[in-house]
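Have a look at the model first, then work through each task with its solution.

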Amino acid sequence: MTALEGARERRVHTGGIDLCVLELGDPSAPTVVLVHGYPDSKEVWSEVATRLAGRFHVVLYDVRGHGRSTAPKPLRGGFTLAKLTDDFLAVVDAVSPDRPVHLVGHDWGSVQSWEFVTVGRTEGRVASFTSMSGPSLDHFGHWIDARVKRPTPRRVGQLLGQGAKSWYVYLLHTPVVPELAWRGPLGRSWPGILRRAEGLPTDDYPTASLRSDAAHGAWLYRDNVRPRLRRPREDAYAHAPVQLITPLGDAFLSERLYDDLEHWVPRLTLRTLPDKHWIPRTRPDQVSAWIEEFVLAVESGQDAQPPRADRHAQRFGGQLVLVTGAGSGIGRATAFAFAEAGARVVAVDRDGEAAARTAELARLTGAADAWAETADVSDEQAMEKLAEKVHGAYGVVDVLVNNAGIGLSGSFFTTTPEDWRRVLDVNLWGVIHGCRLFGARMAERGQGGHIVNVASAAAYQPSRALPAYSTSKAAVLMLSECLRAELADRRIGVSAVCPGFVNTNITSTARFTGVDEQEQRRRRQRSARLYGMRNYPPEKVASAILDAVERNRAVVPVTPEARGMRALSRLVPGMSRRLAKVEPKV
Ligand code: NAD
């Protein structure tokens, strides 16, 4: 049974064709209209539609010539944006005659929805628009124009970048060849291509109509792309608030395309996702959560445009982020940074009070929600309990930051087995427990996610003073690389973040081996002073962590010395080894 079975079906007759329209949910609730792209049919939305149906009146339709809607005759000239707008108006007149609808478009569904939200005759019929992976052809035309008329090296680079991503658009303009390809070999291999290249679950999708959808849909390009790009409309301003969701790994569209969007959209909300093109299939939880949040904000009149500097303020909106060691230093700063970016945050620390304080401040910083949990990451049972509680109470984690760690300094022969156990238990086993317990559920859910393991520059820069600490961090780095390889095809990114010297509390809690208590205190104070003088703030590490998640970076040295040591270890390892012999003065 497909997810859409049980939906109410109606046919809408307009302009000589019949559109197949499905409805789910309570018709008295706000209406959300989902418009599919190319080469798709309404079923591309099945996962999102069922998630939204509990709260909204959800409407999906097959675009003319696709799925179970009929095709115009002749095809040429039958797919212009003006005709697609007629179809949209006919559908909304039928399903929501008295109330404007919330429009959501993906790919070509988004391209045409940009027309719906910028032409005069739909004014008052669209309450909001959520756009994914499909720009306005008018905005695109002006974007190209600006780069051709006022070229700078950067702008030319952007133009060439997008030009290369648009190879298929040129092909679709050739006569007959696309139709033959889709009805022949391409149609046969398309589900496999989607699975391999896009990581798409393809059990009930694409549907049996794929070949004719793709053949008919070629006219979407032929009827519109060239004329609009040559003569883009001057007045293509959005008359409703717009939420733009940009998957950063989109093979077909560069995120730079949207650089000038604020000029066209007075009320704009921006979101990004580290994923590929088909996010309605690969990230239905996240996509539905963002649609729901946006629609409810617009319905309650709270979608005010954030100041320009905050354009990306909500970039982790609605995501569940768990940070260990969140009671201090890098962990606390990371929890705040995710909170500011709109995430729901779980702050975990063995120091319960410190975790509670972080959660409290995170709420004030802007977190959608924040909770504190007390757990020692080195304790397997405590971590199992934590995972059970988090999954039951807050849901599957979207971003896991294994940050908790302790410092240990002293030569190999002064480091006792107990010292080794403690540092490996926290720094390595803590990360293993986190990855195992939270990563497994992330993988099982099948909608991607990200794991950040906080290692250290000590992971690749050996030192005679830090044998145990460096070993624990090198293990974390290698674990992250291995896991990254294993989880890549589940679209779960893994990053190892490797800071240098960061001004946190770690210096006053780190253990120095082989010295008495008094000397221990003296060394702690001295290293705290040195780190204080270096004064690299944990907030900068936090910002690198958010960036690593967004860009799915593998290994991220933070601080100039960490980057320098990384370069040494790779390019001149001999130097790196000589540096390892230097005895630090403490
Ligand atoms: P910090 O001491 O300021 O914060 C560490 C937090 O982790 C504390 O709140 C502590 O209570 C918590 N914690 C420690 N052991 C725990 C355990 N077993 N279970 C749960 N919570 C625990 O230190 P920081 O500098 O913010 O360190 C964070 C991470 O960054 C560590 O993994 C550290 O090794 C790494 N790191 C720090 C630096 C630096 O210069 N500060 C450099 C490279 C890497």
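**Exercise 1.** How many Å lie between a polar side-chain atom of Ser 328 and an oxygen atom of the ligand?

*Solution.* Before starting, note that this is a predicted model: local features need pLDDT of at least 70 and side-chain atom pairs pLDDT 80 or more, while totals for chains, interfaces and linings use all residues. Residues are numbered from 1 along each chain as its sequence is written, and side-chain values use heavy atoms, without hydrogens and water.

Step 1: the distance for Ser 328 is 2.6 Å, a polar contact (a pair of N or O atoms within 3.5 Å).
Step 2: a polar side-chain atom of Tyr 469 also lies 2.6 Å from a ligand oxygen atom.
Step 3: for Gly 500, a polar backbone atom is 3.3 Å from an oxygen atom of the ligand.
Step 4: the protein covers 95% of the 820 Å² of accessible area that the ligand has on its own (Shrake-Rupley method, 1.4 Å probe).

**Exercise 2.** Find His 391 and decide: is His 391 buried or exposed?

*Solution.* Step 1: locate His 391 in helix H15 (residues 380-393); helices are DSSP runs of H or I with at least four residues.
Step 1: its relative accessible area is 12%, so His 391 is buried (buried is under 20%, exposed over 50%, partly exposed in between; 1.4 Å probe, protein chains only).
Step 2: leaving out residues up to four places away in sequence, His 391 touches Val 396, Leu 437, Phe 438 and Arg 441, where contact means heavy atoms within 4.5 Å.

Conventions. Helices (H or I, at least four residues) and strands (E, at least two) are DSSP runs, numbered from the N terminus. A polar contact is a pair of N or O atoms within 3.5 Å; within protein, one must be able to donate a hydrogen and the other to accept it, and residues adjacent in sequence count only if both atoms are side-chain atoms.
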